[in-house]
Amino acid sequence: TQYFLRWGDPIVADAPTFDPYRQTPGAQNRQFGYNNDYVAYFPMDGNGDFIEGEQTRGGNERGLLCVNHEYALSTMMFPDVEHKNGEVDLSSIEDWMVDVEMSAVGVTVVEIEKDGDKWRVVEDSPYNRRINANTSMTVDGPVTDKDVKDGLARLKTSYDKTGKRFRGTLANCAGGRTPWGTYLTAEENFHFAFYTDETDPDGLPVLGEQHNERRERLEAYKIPVQGYVWGRYYPRFNLDKEPNEPNRFGWIVEIDPFDPKPKPVKHTALGRFFHEGAETVLGNDGRAVVFSGDDSQLEYVYRFVSDGKYVPGKDNKQANMDLLSKGTLSAAKFNDNGTGEWIVLEHGKGALAEASAAGEFTNQADVLIDARLAAKKARATMMDRPEDIQPNTKTKRVYVMLTNNTKRTPDHPKANANPRVNNKFGHIIEIIPDGPDFAANKFKWKILVLCGDPHRPSLKTNWNPATSEDGWFVTPDNAAVDDQGRLW
């Protein structure tokens, strides 16, 4: 076992030694971030270029590591944060702690190499950097399209009149690698960042009357909630001062780990929700296909298919990075007979024609910013907390991890794809696309596993007969497919 990278470890040559009693945002910006989630590895050749098409295997001994840092936990990070009635005493969190937290979340990009039988960080690498809640970013896709009238209106703030000068990424949960060698990081539970001055008698945040016109849109994303107190010190995270700031989070962010100069890009074409991942594969005709789950109970499974087609070769990398800018976002409908379809979420058309005509969505920007509401109006299937969605390029099948759903009651619409009320232990669905082609609009599906202890008949579990005595598990979350096509 090797301690490789820990919170506070240096990632650049001039980083100070980590001291938990003397933390500063400047130090944290040069140190490994806090609370890891998704990890991706990009193998490098002798020239420092991405080995296109290669995975993390094959004996490669040099590459770039990208790591998500999902959220800050003040009680674990700072010695002076106190508890009150069993909860964090938010009044004990000081302004300097907030600055450190905002620097500790996001992403680390770091070059690593094998030295003998151990791995080490290459601290003088030009690639090493932190991307956090304050990093300059940009945005693209239909929300920014000139043809989408007033599309940027809901992205504009008092400090960004353009709606395009974004700052920061946070709540980075799962993610993915693209065939062209970029890193996708998924913004998930971003709602924890937003503070409000309004509280109820119990001290919990509530939406004041000034938010009535946007109340449904905010509540669809669980805003407000008692989370960070960043908004106490920074107006952009205070919902009462910057009501549009939440619309600038909840996206898929593309980062080129091999080029620190370009700003990370938030792709609005992939929709805004609690993204659990962004696994990218190619359709049979070369279009990029990205699967993503909305990690919340009674939410939806999404798929994006690009308009353009992937062109292999490192000289085409920049053109391929535009693939996630334009395309079609859909939500999955699982029919009870074992068939399914991807319902296109497009303003004024198909499943959203009626809602658009009624003024519930004024343009495609509304559809993408409020993807949860759009999927609901389109009558996609409410799922049991979809987390990672893993395509298998060997078999052309897709695996949907459904972690749990204690909110599903007999009053909710029944669906064979989510067969258990009060589903504490979760299940896995296997999607078989027509063709087979990841970009096909129709598919078949079946339940691969109904999780839980198979020795308890009341749970009505479903396991392969070859499952070992102790091989069962619960609450599936992240998954991976190895180079032999096995699902882990």
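Two strands count as paired if DSSP finds at least two bridges between them. Helices (H or I, at least four residues) and strands (E, at least two) are DSSP runs, numbered from the N terminus. The model is predicted: local features need pLDDT of at least 70, side-chain atom pairs count only at pLDDT 80 or more, and totals for chains, interfaces and linings use all residues. Residues are numbered from 1 along each chain as its sequence is written, and side-chain values use heavy atoms, with hydrogens and water left out.

Six strands form an open sheet with mixed pairing, in the order 9-8-13-12-11-10. Strand 9 (166-167) and strand 10 (172-177) are its edges, each pairing on one side only. Within the sheet, four bridges link strand 11 (residues 183-187) to strand 12 (residues 252-255) in the antiparallel sense. Alanine 186 has isoleucine 252 of strand 12 as its bridge partner.

Strand 24 (residues 442-450) runs antiparallel to strand 19 (residues 339-344), with three bridges between them. Here lysine 442 of strand 24 stands opposite glutamate 341. Strand 24 is also antiparallel to strand 23 (residues 427-433), to which seven bridges join it; lysine 444 in strand 24 is the bridge partner of isoleucine 432.

Turning to the interior, a nonpolar core is a set of buried Ala, Val, Leu, Ile, Met, Phe, Trp, Tyr and Cys residues joined through side-chain atoms within 4.5 Å, where buried means under 20% relative accessible area (1.4 Å probe, protein chains only). The largest such core has 89 residues, of which Leu170, Phe190, Trp230, Tyr302 and Leu345 touch the most other members. Helix 3 (residues 95-104) supplies the largest share of this core, five residues. A second, separate core holds 20 residues, including Val289, Phe291, Val398 and Ala439.

Key:
Buried < 20%, exposed > 50% of the residue type's maximum accessible area, 1.4 Å probe, protein only.
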